[in-house]
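I opened this entry to work through one model and write down what I looked up.

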Amino acid sequence: MKKLRTRNHTVVLNRSKGGDAGITVFLVILGLFMFLPMLYTVGQAFKPLNELFYFPPRFLPEHPTFSNFSQLFYLMDYSWVPFSRYIFNTVLISVGGTFGNLVLCSLAAYALAKIEFPGHKVIFQIIQKSLMYSPAVMATLQFLVLRYLGWIDTYLAIIIPACATPLGLYLMKQFMDTNVTTEILESARLDGAKEFRIFWSIAMPMVKPAWLTLIIYSFKDLWQLGSSNYIYSEQLKTINYAIGQIGAAGITRNGVAAAGAVFIMIVPILVFVVSQSNVIETMGSSGMKD
């Protein structure tokens, strides 16, 4: 009988050492290929003006310079609206929308997945159908609703719609259907636990990969939000919009725009790295018994 190879007490049945090496090499190559756009953006940020128009373009600068960043910070200091206000707006919208999306999607998904009430299947079917519609199709209707509520040109016009996404609800509901067993919930109810305690202490830890993934996608979309059809006041706009306005001044600002892009993408990358490590750890330990 062929001896099974083990790794950290996990039996590997279908792959040899050569197969593992091949998969590793393939993933490294794929990761480097996906890293190229980021490398190109960083390279653009450190290029002097004359190198920005080389053809064919080059990924790395020949004579790196920090002039693009110095010009960016100079323009930040002398902008009509203080740049700190743009940063505050972006942080408020990103954190508020992400938190609201996580809370509402999790609560609704738990109710649809684990609580029997009249019409829950119909409601979920409606949510599934809503995934078919593009946001552009719903823009006019959403504008009319926001105008009726008096939220146009306020933070609520961005934060409240971001708190209820069909994709986030669908993701959380599917994970709760798969990972949260009815037997565990019934045992908690027999022990006297209230429904919210069961949701918070039992269901949410069991679907940790799902809500961490939801945080990553929700925060990324809100942090990179540029101009909006619902925000008109300059004092309420985001940093992505402000940097886009700097880059729109002409071709001489291409390097400054690239420096701004690097500045913008740092925070989502950090959020992704931190959340990804937790997702991998949770995925690896799920289903194991002590």
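**Largest pocket**

I started with the lining of the largest pocket, which counts 38 residues; P135, Q142, P161, A164 and T165 are the ones nearest its centre. I note here that the model is predicted. The elements that give two or more residues to this lining are helix 3, helix 5 (135-149), helix 6 (156-162), helix 7 and helix 10. Helix 5 has the largest share, with eight residues. I looked up the volume as well and wrote down about 1400 Å³. Sorted by class, the lining of this pocket has 27 nonpolar residues, ten polar ones and one charged one.

**Second largest pocket**

I then went to the second largest pocket, which holds about 470 Å³ of space. It is lined by 15 residues, and M38, K220, P268, I269 and F272 are the closest to its centre. Helix 1 (17-45), helix 10 and helix 12 (254-285) are the elements that give two or more residues to this lining. By class I have eleven nonpolar, three polar and one charged.

I asked how many cavities of 30 Å³ or more the structure holds. The count is two. The largest cavity has a volume of about 60 Å³. I listed its lining as I93, I158, L225, G226, S227, S228, I231, L236, K237 and T238. Five of these lining residues are nonpolar, four are polar and one is charged.

The second largest cavity comes to about 30 Å³. K47, E51, Y54, R58, L60 and E62 line this cavity. In its lining I have two nonpolar residues, no polar ones and four charged ones.

**Nonpolar cores**

I turned to the largest nonpolar core, which has 24 residues. Which of them touch the most other members? I found Y110, M172, M176, M204, V207 and W211. At least two residues of this core come from each of helix 3 (83-114), helix 4 (120-130), helix 7 (166-179), helix 8 (182-190), helix 9 (195-206) and helix 10 (208-223). Helix 3 gives the most, six residues.

Leaving out residues up to four places away in sequence, Y110 touches I115, M176, L185, R189, E195, I198, F199 and A203. Apart from this core lies another one, of 19 residues, and A242, I243, I246 and A259 are among them.

**Cysteines**

I checked for disulfides and the count came to zero. A pair counts as a disulfide only when the sulfur atoms lie within 2.5 Å. Seen from C163, the closest cysteine sulfur is the one in C105, again at 8.8 Å and too far for a bond.

I also looked up how accessible these cysteines are. C105 is buried, at 4% relative accessible area, and C163 is buried too, at 9%. The cut-off for buried is under 20%, so both values fall below it.

**K173**

K173 sits in helix 7. With residues up to four places away in sequence left out, the contacts of K173 are A109, L112, A113 and F124.

**D153**

The last item was a backbone angle. D153 is not a glycine, yet its phi is positive, at about 65°. Where is D153 found? I located D153 in the loop between helix 5 and helix 6. D153 counts as partly exposed, with a relative accessibility of 24%.

The largest pocket is at about 1400 Å³ and the second largest pocket at about 470 Å³. The largest cavity is at about 60 Å³ and the second largest cavity at about 30 Å³. The disulfide count stays at zero.

Note on methods: Residues numbered from 1 in each chain as written. Predicted model: local features only at pLDDT ≥ 70, side-chain atom pairs only at ≥ 80, totals over all residues. Heavy atoms only, no water. Core = buried A, V, L, I, M, F, W, Y, C linked by side-chain atoms within 4.5 Å. Buried < 20%, exposed > 50% of the residue type's maximum accessible area, 1.4 Å probe, protein only. Helix = DSSP H or I, 4+ residues; strand = E, 2+ residues; numbered from the N terminus. Contact = heavy atoms within 4.5 Å. 1 Å grid on protein atoms, 1.4 Å probe; cavity = no way out; pocket = protein on both sides within 12 Å on 5 of 7 lines; lining within 4 Å. Points joined across faces, edges and corners; volume = space filled by probe spheres on them. Nonpolar A, V, L, I, M, F, W, Y, C, P; charged D, E, K, R; others polar.
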